[in-house]
Each structure stands twice: as C-alpha cells, then as structure tokens.
Amino acid sequence: MRWENTVTIDAPTNRVWELTTDVENLPSITPTMRRVVRLDDGPLHEGSQAKIWQPAQSPAIWTVTRLEPAREFTWQTRRLGVTMTGRHLLDGDDVSCRNTLVLELSGPGAKLLGALLGKTFAKALATENAGLQRAATS
C-alpha cells in the first residue's frame, strides 16, 4: 500500500531539507505531529531514532533507514504487524524544490490498515507538505 503527495516549493532545496530533517521542530510546522523527541544526538543519520506522538495514535519509535543529504530522508516504524515507511524526497535547486512525501505500508496487516485509514494517510501527507511549503516560504 502506498500514498504519495508532491508539491513544488518556491524555496531553495537546502531550506526545505533543513526543515525536513529538524524533526523535533516538525510539530510547529504540521498538526499531523504533536511531539517529536530525538533519541540520539547530533545531525540526523542512518540509525537515528525519534519518538513521535501523532493524533489518535500511541507514540511510535521511527528509525532513519536512508539519508542522502538534500535528496532523501527515509524512516520506518512497526506497529501491529505492519511496517510503515515514510519517505521525504527532494529534487530542486537554489530557487525551488519539488518535495514528495510517501507513506508505504507492508506486512500482514498492511491491506487492512490501508483500507481503513488510506484517506487519512493521504490527507496527512498533503497537510504535512502544505506545512513544509508554508514554513519554507515564510
């Protein structure tokens, strides 16, 4: 199961990247996250972890599985037999950035969870991208 949302942001890719990887500040940008606490120090890197509180969900630990500066940030969590993978894909330059947010579900419960919450997931990605767009251009 996969959902995707793409926007073009009239801001340099590096600005969007800074906002994307400042995960503890994401709750100030988007209502889809209530609180984020990094579980390690220093710059975000593969293996970094954060505990995230989201509306109508119990807290979850997300682990960075791929990090390519100014291009891709991917992290995962597991819940009830489902692996959730969130991807932040950036493509741009010093003027604008095409920002794509992706959520993928895999595992035995993925189809059921996707059927139940697919519209909610799609709305959350659009909300997060709109928040990043506002923050990057203000």
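View 1. W3 is buried, since its relative accessible area of 12% falls under the 20% cut-off. The model shown here and in the views that follow is a predicted one. F121 is also classed as buried, with a relative accessibility of 9%. A search through the whole structure turns up three aromatic pairs. In the one formed by W3 and F121, the ring centres are 5.2 Å apart and the planes meet at 65°, so this pair is edge-to-face; the class applies to planes over 60 degrees apart. The two partners come from distant parts of the chain: W3 belongs to strand β1 (residues 2-9) and F121 to helix α2, with 118 residues separating them.

**View 2. W62 and W75, a tilted pair of rings.** Here the aromatic pair is made by W62 and W75, with 5.6 Å from centre to centre and 50° between the planes, which puts the pair in the tilted class. Once again, distant parts of the chain are linked: W62 lies in strand β4 (residues 60-68) and W75 in strand β5 (residues 72-79), 13 residues apart. Both W62 and W75 are buried. Look for F73 as well, as W62, F73 and W75 together make up one aromatic cluster.

**View 3. Helix α1 packed against helix α2.** Now we turn to the helices. Helix α1 (residues 13-21) packs with helix α2 (residues 110-137) at an angle of about 125°, and their axes are 10 Å apart. That angle makes α1 oblique to α2. The two helices, α1 and α2, cross in a right-handed sense. On the α1 side, the contact is made by R15, V16, L19 and T20, while α2 contributes L132, A135 and A136. Sorted by class, the residues in this contact of α1 with α2 are five nonpolar, one polar and one charged.

View 4. How accessible is T120? Its relative accessibility is 48%, so T120 counts as partly exposed; that class lies between 20% and 50%. For a sense of distance, follow the chain from T120 to L80: the two residues are 40 apart in sequence, and their C-alpha atoms are 18 Å apart in space.

Note on methods:
Residues numbered from 1 in each chain as written. Predicted model: local features only at pLDDT ≥ 70, side-chain atom pairs only at ≥ 80, totals over all residues. Heavy atoms only, no water. Axes fitted to C-alpha atoms, helices over the stretch in contact; angles between N-to-C directions. Helix = DSSP H or I, 4+ residues; strand = E, 2+ residues; numbered from the N terminus. Parallel < 35°, antiparallel > 145°, perpendicular 65-115°, else oblique. Left-handed = near helix turned anticlockwise from the far one by under 90°. Contact = heavy atoms within 4.5 Å. Nonpolar A, V, L, I, M, F, W, Y, C, P; charged D, E, K, R; others polar. Phe/Tyr/Trp six-rings, centres within 6.5 Å; stacked < 30°, edge-to-face > 60°. Buried < 20%, exposed > 50% of the residue type's maximum accessible area, 1.4 Å probe, protein only.
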